[in-house]
Amino acid sequence: MEKQYIPKDVERKWQEKWRQDQAFRVTEDPSKEKYYLLEMFPYPSGRIHMGHVRNYAIGDVVARFKRMQGFNVLHPMGWDAFGMPAENAAIENKTHPAKWTYENIDSMRQQLERIGLSYDWQREFATCHPDYYRWEQLVFLKMYEKGLAYKKGSSVNWCPDCATVLANEQVEDGSCWRCHNLVEQKELEQWFFKITDYADELLDWTDKLPGWPERVLAMQRNWIGKSYGCEIEFPVADSEEQVKVFTTRPDTLFGATFMSLAPEHPMAKTLVTAEQKTAVDEFVAKVERQDKIERTSGDLEKLGVFTGSYCINPLNGNKIPVFLANFVLMDYGTGAVMAVPAHDQRDFEFARKYELPITVVIQPEGDELIAEQMEEAYVGPGSLVNSGRFDGVDNESAKEKIAAYLDERSEGRKTVNFRLRDWGVSRQRYWGTPIPVIYCDSCGAVPVPEKDLPVILPDDVELTGEGGSPLARHEEFLKVDCPKCGKAARRESDTFDTFVESSWYFARYACPDYTDGPLDKEAANYWMPVDQYIGGIEHAVMHLLYARFFTKVLRDLGMIDVDEPFTNLLTQGMVCMETQRCAEHGWLYPEQIKDGKCTLCGKTAELGRTEKMSKSKKNVIDPNALIDQYGADTARLFSLFAAPPEKDLEWNEQGVEGCSRFLGRVWRAVLDNMELIGSAEIPSDASGSAADLRRKTHQTIKKVTEDVDGRFHFNTAIAAVMELVNAIYAFKDGEQNPGVLREALEAVVRLLNPFVPHACEELWEVLGHNESIEKAGWPKWDDAALVADEITLVVQVNGKVRGKVEIAVDADKETAEKAALAESNVQRFVEGKQVRKIIVVPGRLINIVVS
Ligand code: ANZ
Ligand code: ZN
């Protein structure tokens with residue numbers, strides 16, 4: 001009896017074999033071209049979801065394809081293992097974060113193995129292991145030496161729910177990116193990484209990463225936010241002091257009718273007059289309760305208070321009142337703004353509210369603005385008015401001219417400003433890398449000496465869930481002698497933001513067991529940069545920007561010789577599914593619905609929107625159940641076939657069944673034909689129907705190669721193989737042409753291998769090969785086999801022979817007609833006449849009827 005396709009058995013067999021053979025283990029081999037393929041490593045939450053399956057299936061196609069092409073492919077996997085969920089789960093389940101994390105890793109590794117991903121498991125590591133984080137601590141020490149890590153007190157984003165600081169990138173619309181609770185501002189001493197030193201380089205390189213999606217580059221440019229402007233000093237009336245402002249619009253200087261300072265501005269205190277003191281104090285207290293994000297949003301109510309003091313506009317000598325305003329931030333520019341209400345919307349609203357003068361200084365062409373009648377600020381181009389010697393100059397060139405004029409008189413200068421802030425990395429959490437610093441009363445902050453690394457995260461802590469980190473209460477951990485003077489001192493109890501670990505893990509995969517430093521330079525230089533990185537768009541700024549920054553830091557520390565970590569980036573879409581709910585029981589899991597009814601109460605389930613799969617809406621498919629039912633190859637094939645990688649993928653059961661049926665068809669195509677093809681040799685030529693099948697085979701090889709290589713058009717590639725399988729089923733002359741049939745079947749199996757490797761390895765063995773299909777390599781197409789055989793057709797005009805044309809045997813009617821009309825002699829007889837009809841007698845002649 002013919003061998004049945006039982007995915008479970010086939011998959012177990014090959015997974016076992018790959019494991020035993022360490023089939024995907026690689027070493028640096030300078031004689032081979034390397035290819036480094038990486039998917040963003042997972043957080044060990046414990047369960048694989050469909051988003052993971054899709055992400056890793058996409059990566060695995062590329063890894064297997066490149067390996068078959070002969071590249072030395074590095075495809076590693078590991079665990080982004082520090083972070084808050086471990087702490088929360090530990091508190092909830094009364095276990096230890098380490099135990100929870102390592103158990104999750106074990107179970108997730110098993111789940112990943114079931115998918116048949118071609119990882120070099122020898123390189124696996126978890127970032128919560130001291131063998132990893134000790135090197136992160138070392139990098140910190142080196143950064144500290146170079147002034148790239150420093151400590152300062154600042155007002156930080158504080159999530160009261162997570163009891164920790166958040167980076168600006170972790171605040172979304174004023175809320176915590178994790179728990180979505182409102183973020184507060186808090187004054188804290190924190191460690192910072194000086195990413196701003198690299199702002200220019202990070203920005204410049206966004207123009208040199210053609211393999212990145214433009215959308216991600218745009219988000220990074222915007223986040224870095226470079227703006228060219230001007231710093232201008234405004235003398236304070238009746239004082240020696242000056243207020244320095246930053247503006248991108250020096251052309252509007254004559255229109256500055258007041259000043260706005262951040263409430264936190266140091267001069268806010270010195271400028272307040274006795275009469276205004278109470279009002280100002282009240283105002284400052286009120287603004288302190290608003291968070292930064294809210295304060296910069298467009299629809300915030302503009303609030304302010306007069307300080308009682310005045311400044312002098314350096315160009316026209318006008319005396320202008322100084323206000324404090326809630327929308328001016330202390331950590332941008334100089335914390336002071338020259339307000340030009342006629343041409344800036346925020347200033348306009350502020351001026352209307354506090355009845356301050358509005359002076360138009362830019363007139364648009366063909367229009368005349370009148371300040372009293374304006375309903376909003378005019379922000380467009382125009383020429384200068386009310387601007388003394390600069391009247392009539394167009395405003396773009398006025399920017400330059402006014403800046404130069406101020407520079408000459410030492411009242412201002414051109415500057416560049418960035419929106420990017422230094423990266424605050426201190427977190428008041430337990431489950432993270434300890435920051436290797438010791439505080440001494442006499443010596444201040446002293447870095448832990450290199451020889452004392454790692455600073456090990458102690459195991460014996462008490463997690464209560466109440467505010468503050470348990471490390472801050474762990475006396476044994478805290479008590480330490482000052483490395484400088486030997487006096488009793490205290491350890492830093494904060495840990496690093498977990499984004500620090502993910503900022504360099506990709507380089508560590510080159511040398512995961514290296515014990516002499518963070519990176520074995522030779523290995524790192526061989527493998528880096530990552531040729532293809534794959535992950536979600538949600539990491540467009542934070543992770544991807546920090547990783548780029550860290551790579552440059554490692555380079556400048558002499559640890560690696562690359563400028564950028566990721567040459568090509570693919571941001572895959574989400575996995576979505578329709579939501580369903582029951583009036584009685586709320587959201588329903590798919591398995592709680594039968595025949596459109598809720599299985600709990602029998603009510604009809606209402607179909608909701610299709611959304612990203614998430615536990616909260618219960619629109620989830622468990623990959624384990626899917627694999628139990630259909631096998632990993634079907635799960636892989638569906639996630640690769642249902643949508644192109646960058647697009648969202650919508651789950652549907654019929655699609656999965658279709659994929660499963662297709663694999664069965666491929667299986668039978670091979671097994672049913674084995675007797676026929678025996679050990680037939682593959683011919684280098686064919687004729688008749690065999691030539692057609694051979695052409696289809698080579699056309700498919702070409703199409704799949706081009707679709708997969710660098711383009712990720714997996715869905716169309718798979719569709720092409722499906723067509724070839726149809727052609728194989730339709731082929732009736734296998735007995736006469738066993739070699740051609742074998743060639744077609746082998747092509748199908750090799751082309752599908754990156755997508756459904758278990759089935760393909762098995763079929764390759766059935767086809768009589770005793771080495772792994774990957775060793776067979778990627779099939780090559782024969783250009784000569786691509787073109788159809790040509791035949792000659794006679795062309796008649798009104799029944800008389802006027803020429804001949806050569807066309808492909810399988811050319812359709814339209815192609816034949818076109819070729820006939822294009823023949824030069826035929827054209828002479830058709831010219832100026834009207835074509836009434838064209839008759840095509842296939843394989844013989846074409847008759848054009850004209851009148
Ligand atoms: C005068 C002016 C006139 C401005 C005008 C704009 C339009 P970007 O492009 O984002 O860099 N600004 C400067 N420092 C600020 C702070 N700390 N908080 C809030 N706003 C601040 O924005 C630069 C502009 O934002 C600056 O140019 C300043 O307003 C304001 F018709 O100066 B402008
Ligand atoms: Zn000391």
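How many salt bridges does the rule count? In this predicted model, the count comes to 56 salt bridges. One of them joins the side chains of Lys99 and Glu103, with an N to O distance of 3.1 Å. Both residues belong to helix α4. Lys99 and Glu103 are four residues apart there, about one turn of the helix. Side chains of opposite charge can pair when their charged atoms come close. A second salt bridge links Arg429 and Glu87, at 3.2 Å from N to O.

The protein divides into domain 1 through domain 6. Domain 1 is made of two segments, 28-127 and 499-572. Domain 2 likewise has two, 147-194 and 422-496. Domain 3 covers 226-418. Domain 4 spans 575-650, domain 5 spans 668-786, and domain 6 spans 790-850.

The interface of domain 1 and domain 2 was examined in detail. Taken over C-alpha atoms, the centres of domain 1 and domain 2 are 25 Å apart. On the domain 1 side, 23 residues make contact; on the domain 2 side, 24 residues do. The size of an interface is often given as the accessible area lost when the parts come together. Between domain 1 and domain 2, that area is about 2,100 Å². Carbon and sulfur atoms give 73% of the buried area. Within domain 1, the residues that lose the most area to domain 2 are Phe82, Met84 and Glu87. Together, Phe82, Met84 and Glu87 account for 28% of what the domain 1 side buries.

Polar pairing across this interface was also counted. The rule finds one salt bridge between domain 1 and domain 2. Nine residue pairs are in polar contact between domain 1 and domain 2, with both residues at pLDDT 80 or more.

Attention then turned to ligand 1. Around ligand 1 there are 17 residues. Those that come nearest are Ser227, Thr247, Leu329, Tyr332 and His343. Three of these residues have listed polar distances to the ligand. For Ser227, a side-chain N or O atom is 2.9 Å from an oxygen atom of ligand 1. For Thr247, the corresponding distance from a side-chain N or O atom to a ligand oxygen is 2.6 Å. For Tyr332, a polar side-chain atom lies 2.4 Å from an oxygen atom of ligand 1.

Backbone geometry was inspected as well. Leu453 and Pro454 are joined by a cis peptide bond, with omega about 0°. Pro454 sits in the loop between β20 (444-447) and α13 (475-478). Another cis peptide bond joins Met528 and Pro529, where omega is about -5°. The loop that holds Pro529 runs between α15 (521-527) and β24 (530-536). His180 is not a glycine, yet its phi is positive, at about 65°. His180 is placed in the loop between β6 (175-176) and β7 (184-193).

Note on methods: Residues numbered from 1 in each chain as written. Chains lettered and ligands numbered in written order. Predicted model: local features only at pLDDT ≥ 70, side-chain atom pairs only at ≥ 80, totals over all residues. Heavy atoms only, no water. Domains from an automatic or database assignment. Contact = heavy atoms within 4.5 Å. Buried area = accessible area lost by both parts, 1.4 Å probe. Salt bridge = Lys/Arg side-chain N within 4 Å of Asp/Glu carboxyl O. Polar contact = N/O pair within 3.5 Å; in protein donor to acceptor, adjacent residues only side chain to side chain. Near = heavy atom within 4 Å. Helix = DSSP H or I, 4+ residues; strand = E, 2+ residues; numbered from the N terminus.
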